[in-house]
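Good morning, colleagues. Please turn to the sequence and the structure on the screen, and I shall take you through them part by part.

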Amino acid sequence: MSKLPAILQNLPFPVIGSPLFIISNPKLLIAQCINGVVGAMPALNARPASQLDEWLAEITESLAAHNKAHPEAPAAPFAINQIVHKSNDRLEHDMALCEKYKVPILITSLGAREDVNQAAHAWGAVVLHDVISNVFAHKAIEKGADGLIPVAAGAGGHASTKSPFAMVQEIREWFDGPVALSGSIASGGAILAAQAMGADFAYIGSAFIATHEARAADSYKQMIVGSNSDEIVYSNFYTGIAGNYLKGSIRNAGMDPDNLPNSDPSKMNFSGGENSAKAWKDIWGCGQGIGAVKDIVPAGERIAQLKREYQQAKTRLLAA
């Protein structure tokens with residue numbers, strides 16, 4: 001059994017919504033939390049930086065109001081994602097605001113930093129760090145992270161090429177803390193499968209892009225609904241770090257998704273590297289699991305669907 005910190009025990013549903021760059025906002029995060037999913041948002045989505053103060057106030061006040069009105073069904077906790085790469089010149093500012101609002105869960109990306117983990121622990125936060133290999137997983141825990149997010153093959157945006165089976169298996173050989181598996185999870189059956197292989201939670205992103213609350217262009221949402229894994233390309237051209245993107249968005253930008261050149265990883269930047277003008281805004285990150293996403297719905301409806309599928313998958317397993 002995993003050793004889970006108190007904030008991650010007894011969650012209404014074993015799902016963490018991944019923080020979607022540009023797309024996640026308080027509206028989506030709050031909808032996720034009140035429907036039983038840990039909602040998450042990158043701090044950098046608040047622009048200008050001063051907006052993060054307003055957003056964290058809105059989130060904490062809205063969730064507190066929900067919990068007061070619905071003590072029988074309290075909201076799941078929320079998380080803020082911090083890019084800890086040296087190119088993020090907002091990190092100190094954004095961390096101070098996370099401390100001000102006592103953000104309960106911090107998700108760190110693009111580097112593990114002991115000082116960031118210590119700061120989060122000082123105000124009582126739990127730190128989950130996303131990793132693309134067992135080597136990086138060891139480094140994250142050595143530097144003080146509380147849990148891991150193995151970003152396996154097929155995950156939207158920056159992702160590993162490693163099988164989720166291999167990643168979870170190797171991590172569980174030495175780590176018994178919280179693990180949230182990322183990579184092509186967009187159905188209730190996939191959530192149960194993640195738990196079966198040893199993860200505590202499923203980490204879901206792309207399925208939440210096609211929701212009413214998500215701050216994404218309608219054409220982006222429609223492309224997700226109309227696509228499947230055949231329409232995903234893995235490339236490092238846009239940010240210097242390999243990731244998964246919708247081929248249709250690449251074609252719309254006048255490029256051939258099957259013939260993208262390699263980028264220089266040394267020019268990587270948290271907002272998009274040498275091709276940052278196109279990354280994320282025009283070139284749309286997406287995971288391979290989107291074949292399960294058939295329509296654009298409110299986030300609460302998407303979560304209700306995942307819950308139904310999850311129970312159905314459990315029933316099938318017990319009947320086998």
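This is a predicted model: local features need pLDDT of at least 70, side-chain atom pairs count only at pLDDT 80 or more; totals for chains, interfaces and linings use all residues.

The 26 positive and 30 negative charges of the chain have mean positions that lie 2 Å apart. Here Lys and Arg count as positive and Asp and Glu as negative, while His and the chain ends are not counted. The place of a charge is taken as NZ of Lys, CZ of Arg, CG of Asp or CD of Glu.

Residues are numbered from 1 along each chain as its sequence is written, and side-chain values use heavy atoms, with hydrogens and water left out.

Let me turn to the chain as a whole. The chain has 11 helices and 11 strands; these are DSSP runs numbered from the N terminus, helices being H or I of at least four residues and strands E of at least two. Its C-alpha trace spans about 50 × 50 × 40 Å along the principal axes.

How much of the chain is buried? Buried residues make up 53% of the 320, where buried means under 20% relative accessible area, exposed over 50% and partly exposed in between, with a 1.4 Å probe and protein chains only. Of the contacts with a separation of 6 or more, 64% are between residues 24 or more positions apart; contact means heavy atoms within 4.5 Å.

Next, helix 1 and its surroundings. Helix 1, residues 26–34, has seven of its nine residues buried, among them Leu 28, Leu 29 and Ile 30. These buried residues pack against several elements, including strand 2 (39–42), strand 3 (78–83) and helix 11 (299–319).

Strands 2 and 3 run parallel and are joined by four bridges; two strands pair if DSSP finds at least two bridges between them. Met 41 has Ile 80 as its bridge partner in strand 3. In a regular strand the side chains alternate between the two faces of the sheet. In strand 3, both faces are covered: Phe 78, Ile 80 and Gln 82 are buried on one side, and Ala 79, Asn 81 and Ile 83 on the other.

Strand 4 (residues 105–109) pairs with strand 5 in the parallel sense over four bridges, and Leu 106 has Val 127 as its bridge partner. Five of the six residues of strand 5 (residues 126–131) are buried.

Is Asn 117 buried or exposed? Asn 117 is buried, because its relative accessible area is 3%. Beyond its neighbours within four places in sequence, Asn 117 is in contact with Val 127, Ala 140, Lys 143, Gly 144 and Ala 145. Ala 119, also in helix 4, is partly exposed at 32%.

Finally, three strands form an open antiparallel sheet in the order 7-11-10. Strand 7 (157–158) and strand 10 (232–235) are its edges, each pairing on one side only. Two bridges join strand 7 to strand 11, residues 243–246, and His 158 stands opposite Gly 243.
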